[in-house]
Every structure is written in C-alpha cells, then in structure tokens.
Amino acid sequence: MGERGQLMVGPDRTAHPARPAVVTKFRRQSGKSSLVPRERLLRLLRDGRDRRLTVIHGPAGFGKSTLAAQWQDELRGEGGTVGWLTIDDDDNNPGWLAGHLLAAIARADPAIEVDDLIGTLEQRPDDALPVLGALINRLVEYARPLTVVIDDWHLIEQPAAIEVLDYLLDFGPENLHIVVTSRIRVHAVSRLRVRDEVVEVDSQQLRFDRAESNTLLREVNALALDSDDVQRLWSSTDGWVAALQLATLSLRDSSDPSSAIARFSGRHQSIGDYLAESVLDALPADILDFLLSTSICDFLSADLVSAVSGRPEGGAMLEELRRRNMFLTALDDDGEWFRYHHLFSGYLRRRLARDQPGRVTELHLAAARWYAAHDQPSEAVDHALAAGADELAVDLVDELGRSYIEDSRMASLLALVDKLPSAVVAGRARLQLTVGWAYCLLHRLAPARRALALARAALDPDDDAASGGPRPGADGEPVAPLAAEAEMLATCIDVYDDRFDRVVERLQPILTAPRDYRAFVVAGSSNMASLDHFHSYRFSQARALQEWAEPYHERSAGVFSPVYGRCIAGLAAFAQLDLAAAWARYRDALAIASGRGSAELYARYLAAGPLGAFYYERGDLDRAEELLEDCYRLGAEGAVADFMILTYSTLARIRALRGDIDGAVGVLAEERRVGVELGLPRQVLDADHGLCRLLASTGDLAGARSIVAANALELEPSAARYSVGIAFDFRRSRLAMRAIVSAAEGDIEDAVAACRERLAAAVDADWPYEEVAARVALAEVLCAVDRDEALDVLLPALVAGARAGLARTLVDGGPSVLRLLGELRDGQRRGHWPDGYPEVSADYLRSLLAAERERHVAAPPPAAGSGRRALPEEELTAREVDILRLLDRGMSNSEIARRFGIKLNTVKWYLKNIYAKVGVTRRGEAVAEARRRGLLD
C-alpha cells in the first residue's frame, strides 16, 4: 500500500474539534520564569479588573503568556473562575474558534453547560455568533465573574474569526472579562479604549526592570553575578525576557560570566542566535540530535517524541531536558505534555533545515503517523502536509470521512478538508462523495452538487487524468458501489430541495440488491424511499420499508440513519392515526440519538421535533415546548422540510397559547426566512399560513387578508418538481388561509366551500389524519349557518380522534367546535348521543374541554379601561395564587421561573390567565385585586 498504508486511524473516533485530545490548548504553561513575580504589572491588572478587556501585547519572548498565567493564578487563588485557550492556526476557522472557547469555559467550570452548543456548531459551523449569543445568555444566568484568557491571539488572521472576539466584547455580559495576549495589537482595542473598557500592557511595560532581572539571574537561577554584571546584562538585552532566559543557560557553566556578558550584542535576533549556539554547542551529541528531531512538534509527550526521534527512552530524554532547564515548559500538572520556548524551537527548526534538510520530511511523516494512530487527525494532516505528502494527508481524511458523516460531524469533516490541497481532493471520488454528504446534510445544496459533480467526474471510466485514471478511495474501493452512492447522494440533494420525482426509481438498484452496498447506503436509500412513499400517501409502504431496513440501520456505524428512519416511520404512523406506533418510533429515535453524547446532537434535535409535536397533540405543552425549543436551535440546517415545518409551526402555536404573540410571530418569521433562504416555497407557505391564522385570531384582519392575497396564485410553472403530496400541501395551506379570512369577513359560504374542497382532497388521498383536521375546520365554519350539519361533519372526526388519542387537533378547531363538544358532553350526561355514531368516552370529552382554558391566552389582553371584570366563580388555582404572592414581593418573571423551575413563557402564560380571571391588565392591578379578594396575606 506504500505511503497510504503507513497512516492509519486510531480506534477511538470520538475526538471533537472543539474538544481535542491534546488538552494543552486549555492549560497555561508553567515554567521557571513564572517564579519571577511581575508585581508591578499585576497591580495594573488589578486596577483594571472591572474593565471588559485586558490586552498584553509585545514581540516574541517578552513574557506575555507568563504574565497572563500569573494573573490567572491570582484570580483562581481568590476563588475566581478562569478559562484558558491557547490559539493555533486551526482557530482561524470561526466555528472551531467558537467551539474551543466554549470548551475552555466548560473546563473552567463544568456548571456552565456547553455540550449542546458545541454540538450545534458541528451542524451550523457558520453560526458561531448565534451560538455565542446563546452562551452569553447562559453567562448572564451564571452571574459569577468569569475570566477567559486567550493566548497567542496574533495567529488569528481571518476576519470571520476576528469577529468572534469582537462579538464577545460587544455583547458579553458584565461578569465576563477577557484577557488576550498577542504579538500585535488587538482589533477591538481602539473602540474599547474610547469607552474606558480596556487595560493595555505593552512591550515597554513587559520588559524586565533591573530588580526583576536580578531576581531571575541571581535568585531563580542562582548565577554567581555581581550587581554590575546584572546591570550590564540587563542593559544589553534591554530587559528582553527571552534573551535573559537564554543567557542563564550560557552563563550557568561559564568560568568567567563577566567576560561572557561583555561579548553580548544588543541586537535581539543576534542575541538569540548567539545564545542558542553557545548553549547547543555545549550539549552531548545525542541530546542535540533529540532537540533537533523533536523541534518539528508544537507539543511534546513521551510517546510522541519516542515515535518522532526513534528513541524509545523519550520520556527519560524529556526529564533530562527539564533537569538541564532546556527551555522545556510543562503544559499540564501531570507532566504529560510540554513544549519548547517558541524562540528556542524556531532556532532549532532553522538549524535542522540548514544542517539536515533531508531529514525534515521523515520526521514530519513520523509525527503524522503518531497523530493519526492517536485519533488527532488535524495534527496528522498538518504534519503530512509539512512533509509534502499531500496524498497521505488526503488519505487520512478519506479514511475518516465516512465515520464523520455517520456520526453527524459534518463541520469537523469540512474543516479537515479545507486543509487539503484542492487539486488532490478533486480527483478522489469517495472523498468528494463524503464532502457532498456533509454539505447536503447541512442544507448547503450548491456546494453539495459541486462535490457530487467532481465525484462523478472521478468515477468516469473515460477519465484519462494524469494519475492514470480515477482513484475512488484510499483503499481502492470499486467504482460500481461508489457510482450507486453518487446516485443516492443526488437523490438526497433533491429530497432536501423538496424534489421527490423519481426517488424510488433511482434508488431501486440499491434496494433490490442491498448486499452489494454498505449499510449506510442501504439505510439512507430506504429513508428517502420511505419519505417518497409518505408524500404519495403510501403510508403503509413507508412503514413496511422501514421495518425491512431495520437490520441495515443497526449495522450503520452512526445514529443519523436509524434516527431519521424511525422518525419517518413515525410520521407515516401518525398520518394513519396509529399514534401508539408513532409514539414508539419517536421515543426510540430520541433514545438512539441521546445515547452517545454531544456528537449526536444533530440527531437528537432531529428526533425532538416530531416527538415535541406529538406531546403537543396529546396536550403536554410543557414537555412539547422543551423538546421543540431544543430542536429550534438547529434552525436552517435542521432537516428536510417536513421536520422543519413540524418544529416551527408547533412551537409557534405553543408560544401563542402561552400568550407570547410576539414570540409566535418571531418563530413564524424565522420559518419564512429559512424557507426563502433554502429555496423551500412549501415552508414559506406554511409560515404564511401560521401567520395568517395568528393575525386573524388577534383581530388583524387586514394583515391576514394581505397574506392570503400574496399567496393566491397557484403553483409556479416549475410545480412539476413536486410530488402529489407536496403539491397538496400547497393547496391545503391556501385553502385553509382562504377559509380563515373568509370566515372572519363574514363570507361563510366561501369559507365552507374552501373547507369542503380541503376535506374532499383528504378523503381522495386516503389520509386519515388530514381528514380529521379538515372535518374539524369545516365544522367550525358550518356552525355559523347549519349547526346540525356541523355536528354531522364533526362526529366522525371526534370518534376517530377518541380512538387514536388526538387532543389539540380538536381543541384548536375553534370556539364553535368547542361549543359543539360541550353540547355533546351535556347531552351525554342526560343519556343522549347522536344516532348513528359510536359514543366516545366521557373522560375523553372532559379532557378536550379542560384544554379550552388554554385557548383564550392566544387573544390579546383586554384593553386598559375596558371595564371587564372576572366573574366571581372564576377561581384561581393554587399555582396562580403562589405566583400572585411572588408578584406581591416584587419578583420579576425570570425570578419566578427560576423559583418554580419552569420556563419564562410558562410564567407569561400563567400571568395571562391570572389577568383574565381577575379582570386586569397589569401586575400591580392583579396584586391589588387579589388583596381585595382576600387571596393574599
């Protein structure tokens, strides 16, 4: 296998780019120089500790990181929370930088939960700023002071990554303080200086003064120097800390320190080179060779240096270097990871390239193999590229790619691919397919199609590329399975684009001969075919296909395919009113997605959408809201349109029921924005339908009418792209909006006609759930003209709903439907039930009517001065009285939510109920009325 076979991936593939196996990114260095206390500088930091930003900037070797470390020690000694992040080149990716900041904060205090935010970055790598916005909200709740040290900021060059820091500085809470070390000035300093929110320590201040130089040379390093020697050395180095540190090595064994000091030049670079030469020339040959060979590594461990240097006693060699004080800095308290002083390692690398240029490649390859075996692909790729082994670097990512996709780590994969030379990547069919999957699952369809085109070009048997033909994958995988996978990817891209033409036909070869393909391909094909069955009203076929695909889901390495498959089967079961089966499928999906940590957050959010909608249907609004809020975070990259529509529309209903009309409008506006951005007109129309219903319910008839007018046109000429089911979704939404506005305007005849048309289409489609929903909508408008017919229309829906366990579908039907339900309950109590219809249980009717109370909160509060007073019999519940007591104590909504362990929107919902019951519109009025009634002490 040659070069490729030398680089294998380790067995543990759980590393995350924001939580790397090398923990040194999150631990500050320790070293002898830290024994020189920078008291005069620490005083500056203490004086400015209340400012938003501290910047320590200066050239290399001026002790920036050491000062930051001493400040960290002082803050921690006072009981403060401090996180540390050492920047490297990878952090120029804003998603990785944000993820590393989150990980640093979590290490500072695990009570600040960020796993879900890190997982979100995997699925939404471009949304670093919204994720940081969520972090900021959590830090506000955290309340305790938090300091984050960002070391080596000068390595950040990309504007998008710089914006990450700017965002934290602009919007971070008062309890967040950021300390930055950098060789260059930080972009945000100028505007923060105007607001007096920054403390600066520059190179002039960082230089050691004579007292600090004396402490380093005579006390810490015990050099036999008199005060004149210290004065001359301090003057010749101008207080440059690195030069003083280098001098300690050269002078330690000198028989005449005064003469040596006299020979030092005042030029910083020549000082560094001269001292390094004088130190290295005095070393034994084996130690010098070890230093040179290991200098190519940014970080050092015993096992790594043994692999790179070829010396099994790597750990003992590191100990010897520590004994000799050879600029080796410990990076953790366990003594596992180290690094050379950057000036020292820079000199070593230059000398290695000068004296042994042919060895550099060999050393980088050894490091690449070690990092690959220890599942640190980013470092492995860096060393392979440094060795000029481009094919080797691409092989590594190619080997990892599929596991990353199956574990839904799309952003990590794309970040690795970005490191690779595009010319080599372009000819790798398997890797291009993997890249295409990553982009498709992130809903980035244009780059997904470009990757697919490159994969197909590489698979073309007529390709006469210079490489001698296509090279599908690092293991020489045959072309035929990859060609089938390319067809599967093309189909998946279309499905994400809401196109379902020829889905089953295109995937039939895979589904007919599944043994010829890997499990992920078969499972994914079954999911897309099942979704196509769903949109063609072949619900039983969709469920049967998922039963058939179960073994392939089980053999898939990740959780993505089985979660998607179970959710699709649940949708089909729900459509058939088999709610028990839907519940089982959704719960199973969430259990699978929740079993393996933050890497599966994408799958967990995917499962949370339909399960949240299920809880809503059954009337458990709190649990539904919790799941849907989690799912809502995934946003635009959530899933195919069906899952996004389900999440947005249900969450908007819940917010409206809680009395948060603005919040409901915000969710619908976001649904519409995402639909426009992704080119999903079905989702745009669903958002408009929800907004039309909401506006009509709050009395904004003009707004509702304008939405209907804007959506009056039939499907555009390109409607052929849509399956029969999706085309009906357009028609159903338009009919529903038309009925809403016509009924509100008093045109009952037109509203009834629209609802009848919707019901007829549902019956033709043999879609049980939609028939129930259509019957409820028709009964609501019929009540205005023919109560008996309305009852005849509603009763089959009521019977079906009772058998299935539906709740909100009937309750949300409207006030006329609820009155019919009340009449049925009253008649049932008297022993009467309409002839020809099975009688539903009294408990079921009571449960529906009990939910009526939650409906009135969707309406706006009564206007001030309206004179509405609550009826005496409108008693407050015990919880409502408890909330009134907290209002009387002056607690805010947020404080009440924390006291009871409920969400803020739930508090608003309770307040809405209280205001309606006691006939007021304000908190103070509610308390006064409660006192008048004797409800408060």
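1. Let's start with helix 3: twelve of its 15 residues are buried, so the rest of the structure largely encloses this helix. Among the buried ones are Trp96, Leu97, His100, Leu101 and Ile105. Keep in mind as you look around that this is a predicted model.

2. Does the length of helix 3 agree or disagree with what you'd expect? Helix 3 covers residues 94–108, and at 1.5 Å a residue it should span 21 Å. Its end C-alpha atoms are 21 Å apart, so the two agree.

3. Have a look at the start of helix 3 too. There, Asn93 has a side-chain oxygen within 2.8 Å of the backbone nitrogen of Gly95. Gly95 is itself one of the buried residues of the helix.

4. Now the nonpolar cores. The largest has 214 residues, and the members touching the most others are Leu291, Tyr496, Leu798, Leu806 and Leu821. Take Leu798: setting aside neighbours within four places in sequence, its contacts include Leu810, Leu821, Trp833, Val840 and Tyr844.

5. Finally, the cysteines. How many disulfides are there? The count is zero. Cys492 is buried, with a relative accessible area of 7%. Cys567 is buried as well, at 0%.

Technical notes
Residues are numbered from 1 along each chain as its sequence is written. This is a predicted model: local features need pLDDT of at least 70, side-chain atom pairs count only at pLDDT 80 or more; totals for chains, interfaces and linings use all residues. Side-chain values use heavy atoms; hydrogens and water are left out. A disulfide is a pair of cysteine sulfur atoms within 2.5 Å. Buried means under 20% relative accessible area, exposed over 50%, partly exposed in between (1.4 Å probe, protein chains only). Helices (H or I, at least four residues) and strands (E, at least two) are DSSP runs, numbered from the N terminus. The expected span of a helix is 1.5 Å times one less than its number of residues. A polar contact is a pair of N or O atoms within 3.5 Å; within protein, one must be able to donate a hydrogen and the other to accept it, and residues adjacent in sequence count only if both atoms are side-chain atoms. A nonpolar core is a set of buried Ala, Val, Leu, Ile, Met, Phe, Trp, Tyr and Cys residues joined through side-chain atoms within 4.5 Å. Contact means heavy atoms within 4.5 Å.
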